[in-house]
Amino acid sequence: PPRRRRRRRPRWGGAGAGAGFRAAPSPPPSLLFSCPAYTAVLTVSERGGHCDGCFARKEGLSKCGRCKQAFYCNVECQKEDWPMHKLECSAMCAFGQSWNPSETVRLTARILAKQKAHPERTESEKWLAVKEFESHLDKLDNEKRELIQNDIAALHHFYSKHMEFPDNAALVVLFAQVNCNGFTIEDEELSHLGSAIFPDVALMNHSCCPNVIVTYRGTLAEVRAVKEIEPGEEIFTSYIDLLYPTEDRNDRLRDSYFFNCDCRECITKEKDKEKLEIRKLNDPPSAEAVWDMIKYARNVIEEFRRAKHYKYILYLTLSPICELSLDKMGAVFEDSNVYMLHMMYQAMGVCLYMQDWEGALRYGQKIIRPYSKHYPSYSLNVASMWLKLGRLYMALENRTAGVKALKRAIAIMEVAHGKDHPYISEIKQELEDH
């Protein structure tokens, strides 16, 4: 059966100094530039499946002989990662099961260690240094400041025996910079692998009509053009999930990055009507009823996000939330409505977690066409959905449909990831094996 997947956990994307990034004359036809991670941290739940040093997915990884919790391809990867892993190795042994700093705290600890070991500009900071990151400190509300103070307390708790810290004010700035400029590294199905800092990539500004896509080759970020870019034209990436209507996108941008987007799509809102499509009924719902359902959808999406923080709730709560909300919203919204698609995607994730492959396939089949319509060309979200569908078809012994879906995923990924990416080689191998 397909590999069991966790659902994607939305996190922050890059939001550099706001200066923007303009294309140089005669860029390469696809790959514009790449940036090695300034520092990166593998998510704890991926340990044993990926190398903590290079993030490569391999079998037969070797454990750290001391903590037994970090895994490496070989001695070279372990040596290269040791300056960062040593911050955690002793703490893991000392705290045991109580060692549980957040990924943001772990990443920030590594930044501090990196800055001490390499005060000079690194290969990742050709155009933008970490210390030049925008923090938006003056825009933080009390809740965000309190969360940062909690992170600072955790940093002291778990790392104080192994490193020295700047004063509290400097740490507040650093955590604010990490929250605005950190990147989530994801695999080919957009499952969360870890977090990293890519300074030069963070220099790019946001647009809901991006002309580049950022993908990852281990801990290397690669930026590829998905549209024609003229010399001197600004390069735009997307910081957020572009599925949602204009108001929702800008709510997210204001909350995480403190600005409103003024791209063409946000000004014209030309896709909003299709994204919020209403079911065609003999007695159409009133505008007030539609608005009430939109507010309900937003609330249930937030409720679902909160519930997913507690694994034991998964079986008991998330599936009923999906079913009830889909029934209620389906009385007003078409299946292609983005709020319906959101809950179908979550329901598909629950099915995958429960290893209900038929159920996951049913949801995926409903999702893929609207996804292809609502997302921009060469969207990683669309590619990952074709990939999930292809693997489900193969597992359920429908090879014809599986081959077709996997080839659709490859067609998008060859543009977004590059034709020589290991993920594409793996998918082509899957086709040969079946």
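This is a predicted model: local features need pLDDT of at least 70, side-chain atom pairs count only at pLDDT 80 or more; totals for chains, interfaces and linings use all residues.
Reader: What is the order of the strands in the open sheet of three?
Author: The order is E1-E9-E8, and the pairing is antiparallel.

Reader: Which strands stand at the edges?
Author: Strand E1 (31-36) and strand E8 (212-217) do. Each has a single partner strand, so one side of each is left without a neighbour in the sheet.

Reader: By how much are neighbouring strands of this sheet turned against each other?
Author: The average is 20°, with direction ignored.

Reader: Over how many bridges do E8 and E9 pair?
Author: Strand E8 and strand E9 (residues 220-225) are joined in the antiparallel sense over six bridges. As one of the pairs, Ile-213 has Arg-224 in E9 as its bridge partner.

Reader: Changing topic, what does UniProt annotate at residues 51-89?
Author: An unreviewed UniProt entry gives these residues the annotation "domain: MYND-type". In the model, the span 51-89 is 38% helix and 10% strand, and its end C-alpha atoms are 15 Å apart.

Reader: And the helices: at what angle do H2 and H3 pack?
Author: Helix H2 (residues 103-117) and helix H3 (residues 142-159) pack at about 65°, and their axes lie 10 Å apart. The two helices are therefore roughly perpendicular to each other, and their crossing is right-handed.

Reader: Which residues make the contact?
Author: H2 contributes Thr-104, Val-105, Arg-106, Ala-109 and Leu-112, while H3 contributes Asp-151, Ala-154, Leu-155 and Tyr-159.

Reader: How many of them are nonpolar, polar or charged?
Author: In the contact of H2 with H3, six residues are nonpolar, one is polar and two are charged.

How values were computed: Residues are numbered from 1 along each chain as its sequence is written. Side-chain values use heavy atoms; hydrogens and water are left out. Two strands pair if DSSP finds at least two bridges between them. Helices (H or I, at least four residues) and strands (E, at least two) are DSSP runs, numbered from the N terminus. Axes are lines fitted to C-alpha atoms, for helices over the stretch in contact, and angles run from 0 to 180 degrees between N-to-C directions. UniProt positions are given in the numbering used here, feature names are shortened, and annotations may be inferred rather than shown by experiment. Angles under 35 degrees count as roughly parallel, over 145 as roughly antiparallel, 65 to 115 as roughly perpendicular and the rest as oblique. A crossing is left-handed if the near helix is turned anticlockwise from the far one by less than a right angle, and right-handed if clockwise. Contact means heavy atoms within 4.5 Å. Ala, Val, Leu, Ile, Met, Phe, Trp, Tyr, Cys and Pro count as nonpolar, Asp, Glu, Lys and Arg as charged, and the others, Gly among them, as polar.
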